[in-house]
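Let's take a walk through a protein together. Keep the sequence and the 3D view handy, and look things up as we go.

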Amino acid sequence: MDILAELNAAQKEAVEAINGPVLILAGPGSGKTRVITHRVAYLIKVCGVSPHRIMAVTFTNKAAREMEERLNNLVSGLVRDLTLGTFHAICVRFLRNSGRAAGVDPRFVIYDRDDQLSLVKHSIQEADLDPKQYASSAIISAISSAKSRMLSPPEYLKTGRSYFDEVVGRVYEIYQRLLEESNALDFDDLLMKTVLLFRNNPEILARYQSRYVHILVDEFQDTNLVQYELIRQLGGKHRNICVVGDPDQSIYSWRFADVRNILTFENEYPDAKMVVLEENYRSTKMILDTASHIISANQQRKPVNLWTQNHEGASTVVVETYTEQEEAQFVVSEVERLVGQGEFSLGDCSVMYRTNAQSRVLEEAFVRYGMPYKLVAGTRFYERREVKDIIAYLRLIQNPHDSVSLIRVINVPQRGIGQQTQAKLAGWAKSLGVSQYEALWSMTRDATEDSEIQPPFNSHISRVLTAFSDLMEELILRSKELKLVELFDLVVERSGYKQYLQSENNWQERWENILELRAVAQKEYGDKSPAESLAAFLEEVTLVSDVDDLDESESTVTLITLHQAKGLEFPVVFIVGMEDGLLPHFRSFDDPEQMEEERRLCYVGVTRAKQKVYLVRAFRRSLMGRSTVSEPSRFLNDIPKHLISTGDWREEAESRIVPSIYSWNKPPAPTPSAMEFQAGDHVYHAQFGKGVVVSCQPVKDDAEVVIAFNGAVKKLLLSFANLEKTE
DNA sequence: CGAAAGGCTCTTTTT
DNA sequence: GAGCCTTTCG
């Protein structure tokens with residue numbers, strides 16, 4: 001197979017330029033992914049470069065997986081040795097292997113946003129600051145910003161000028177100390193510690209530098225300073241660095257990504273070859289034209305000339321509805337129409353929005369119509385309470401010093417270890433200069449007699465604490481001989497979590513989640529021992545993003561935020577909430593740079609579409625419970641009239657929908673009796689297949705059934721679900 | 001100590 | 001409108 005055969009001239013150029021730095025500016029739909037995969041394949045197959053010497057950085061794990069798949073088709077078998085993944089995943093590998101030199105214990109756990117939040121709250125308390133006065137999220141963001149610039153707490157304090165900087169500096173200092181005591185790294189640490197490791201250990205860096213002859217970075221416009229530095233370090237020897245990006249799609253500046261990295265790259269590597277990919281293979285002329293008009297209004301950009309050989313296509317549809325409920329109804333009914341005409345399938349359709357909160361009303365509409373959909377994110381699976389609880393137990397086994405996890409589960413299920421006791425324990429551990437777990441553990445030994453500081457607990461509390469310590473010791477001990485899944489089961493069993501869950505409400509659903517987590521452990525790590533798989537499993541569950549789990553082959557409508565949609569494509573795209581205040585978001589109003597980013601976000605959304613774009617807005621929308629009236633998004637003004645079709649959808653849609661099988665207002669008769677179905681009944685659903693009824697509750701003159709289908713739990717309205725009993 | 005209830009506050013986007 | 005925190009009572 002000729003690797004260059006199916007590429008256009010510019011793409012070929014980008015693939016063949018293997019010596020020296022390369023900057024590829026790739027417009028949406030210009031075959032960027034194709035270029036990267038083919039370039040890697042070309043290096044391996046044509047140039048004979050060992051995959052071991054190639055590193056490819058992607059923005060999401062999903063992108064990495066897809067690339068691996070595609071590569072397997074081009075150069076089967078050789079892909080194993082490739083260093084392929086997100087910056088974060090790759091840094092984890094470096095730190096596990098070589099982190100000791102930077103003072104990183106290789107058994108570290110990774111703290112996600114949630115863990116950060118709880119740690120920052122503790123830090124604020126420990127700094128004797130009023131937690132009500134400082135938003136933890138703002139402080140996290142400031143700390144993250146500091147780490148993106150690789151400033152340590154003292155360095156940060158030195159550069160700070162405002163009182164807020166001072167506060168952040170103090171919290172940062174404590175926060176970092178607590179992280180270290182817990183042997184934990186947050187997302188930013190993964191990057192920063194790696195760069196510091198290389199900076200302070202030239203011999204280690206030299207090893208990696210020699211190894212990586214070729215480095216590729218995707219979505220370069222969304223890299224931050226640390227990531228740039230890491231690439232600079234690793235590429236320092238061979239200088240074969242290939243970065244691919246599109247300044248018009250830079251939408252992560254709030255995460256301290258900096259488009260200027262592209263400029264810096266050009267300046268730092270003046271010999272860099274620049275390749276511009278302008279031919280779009282994805283969208284119709286109409287869509288591309290619409291998108292170009294939207295993005296052209298940005299001041300801070302270089303003009304680009306996107307073009308396509310694709311056909312003209314349909315006009316962009318702009319629609320106004322009265323409320324957000326009506327907006328959702330429009331989307332559902334329009335999807336129904338498109339699918340009914342046979343032109344598109346459900347899986348072809350996507351609905352994109354600025355904020356996660358917007359998904360709820362949409363979901364309600366989809367549920368009401370019994371139309372299958374998948375929500376990317378929502379309450380993210382790994383952020384569910386029960387899932388995090390079990391993960392916390394596993395983390396503690398891996399690393400007992402992890403204080404955030406300890407605090408999370410020490411009293412879940414309730415063991416009579418309340419706040420008072422926990423505070424005493426924390427204080428006591430601090431005075432001993434050991435982690436809380438060590439303090440606990442020392443109580444189980446009689447060594448305390450010769451200790452200066454006696455445990456400050458009465459005998460009852462002591463017994464309860466010792467019992468917990470014994471439990472963890474048992475789990476840690478058993479973890480050495482069991483398989484990962486067996487350990488998982490043991491944790492759920494011995495911690496009393498299963499029993500505890502059964503006393504909670506909607507425990508079935510939550511139990512399902514635990515089983516799903518178990519399935520991940522089972523699937524990926526089968527019967528491996530925890531020694532070889534626990535760390536990998538814990539990493540996976542912390543570093544996954546929501547798009548990672550998106551399966552586009554499934555035939556359901558996709559609900560997704562504009563940010564998450566980057567890098568995806570759909571035949572049909574609905575962008576909802578096209579209102580000033582939402583898109584652009586009002587938080588960006590007073591900052592021209594942020595406003596330009598909002599515009600890019602809109603551009604990203606439109607350019608996801610292959611065939612059809614709908615820009616939908618609601619006249620009235622409730623935000624935070626309050627009903628507000630809003631103006632159409634200013635971005636709509638930049639689309640010339642001749643590209644738009646409007647028309648009164650309402651009249652048309654009503655005449656179409658109401659008498660048909662779907663009804664907006666009343667469920668059609670006959671309404672099946674709620675009594676017909678009970679928990680445990682086996683049922684069949686035309687779309688979802690076989691399932692088991694979890695619960696069935698009457699609502700108004702209908703009933704809401706929760707059904708566990710293979711792999712997914714769905715809430716359906718009985719009158720629409722059209723269920724068949726199968727037993 | 002813990003469960004329940006009421007009151008408070010925000011809501012952008014996420015590896 | 002929901003989640004988070006505090007208060008109150010058993």
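A residue is called buried when its relative accessible area is under 20%, exposed when that area is over 50%, and partly exposed in between. Keep in mind that what you're looking at is a predicted model.

Now try that on the cysteines. Cys 349 has a relative accessible area of 0%, so it is buried. Cys 47 comes out at 32%, which means it counts as partly exposed. How many disulfides does the structure hold? The count is zero. Cys 47, for one, is in no disulfide, and the nearest cysteine sulfur, which belongs to Cys 242, is 13 Å away. Cys 349 is in no disulfide either, with the sulfur of Cys 602 as its nearest, 19 Å off.

Let's move on to the sheet. Seven strands form an open sheet with parallel pairing, in the order E13-E14-E12-E15-E16-E11-E19. Strand E13 (373-375) and strand E19 (644-645) sit at the edges with a single partner strand each, so one side of each has no neighbour in the sheet. Further in, have a look at strand E12 (residues 349-353) and strand E14 (residues 557-561), which pair in the parallel sense over four bridges. In that region, Met 352 stands opposite Ile 560 in E14. Then there's helix H14 (residues 324-340), which lies across strand E11 (316-321), E12, E14, strand E15 (570-575) and strand E16 (609-618). Helix H14 runs at about 155° to E16.

What about the nonpolar parts? The largest nonpolar core has 50 residues, and the ones touching the most other members are Leu 394, Ile 397, Phe 468, Leu 517 and Phe 537. Pick out Phe 468: leaving aside residues up to four places away in sequence, its contacts include Tyr 393, Leu 406, Ile 410 and Arg 415. Apart from this core lies another, of 40 residues, among them Met 150, Val 195, Ile 204 and Ile 262.

Next stop: a tyrosine in a loop. Tyr 281 is found between strand E9 (279-280) and helix H13 (285-296). Is Tyr 281 buried or partly exposed? Its relative accessibility is 40%, so it counts as partly exposed. The side chain of Tyr 281 makes a polar contact of 2.7 Å with the side chain of Asn 8, and another of 3.2 Å with the side chain of Glu 279. Not counting residues up to four places away in sequence, Tyr 281 touches Asn 8, Gln 11, Gly 29, Ser 30 and Asn 310. Pro 270 is eleven residues from Tyr 281 along the chain, yet their C-alpha atoms are separated by 31 Å.

Most residues other than glycine have a negative phi, and most peptide bonds are trans. Asn 183 isn't a glycine but has a positive phi of about 50°. You'll find Asn 183 in the loop between helix H8 (163-181) and strand E5 (184-186), and it is buried because its relative accessible area is 13%. Arg 239 also has a positive phi, near 60°, in the loop between helix H11 (225-234) and strand E7 (241-245). With 29% relative accessibility, Arg 239 counts as partly exposed. As for the peptide bonds, the one joining Leu 583 and Pro 584 is cis, with an omega of about 5°. Pro 584 sits in the loop between E15 and helix H26 (592-606).

How values were computed:
Residues numbered from 1 in each chain as written. Chains lettered and ligands numbered in written order. Predicted model: local features only at pLDDT ≥ 70, side-chain atom pairs only at ≥ 80, totals over all residues. Heavy atoms only, no water. Helix = DSSP H or I, 4+ residues; strand = E, 2+ residues; numbered from the N terminus. Buried < 20%, exposed > 50% of the residue type's maximum accessible area, 1.4 Å probe, protein only. Contact = heavy atoms within 4.5 Å. Polar contact = N/O pair within 3.5 Å; in protein donor to acceptor, adjacent residues only side chain to side chain. Disulfide = S-S within 2.5 Å. Core = buried A, V, L, I, M, F, W, Y, C linked by side-chain atoms within 4.5 Å. Pairing = 2+ DSSP bridges. Axes fitted to C-alpha atoms, helices over the stretch in contact; angles between N-to-C directions.
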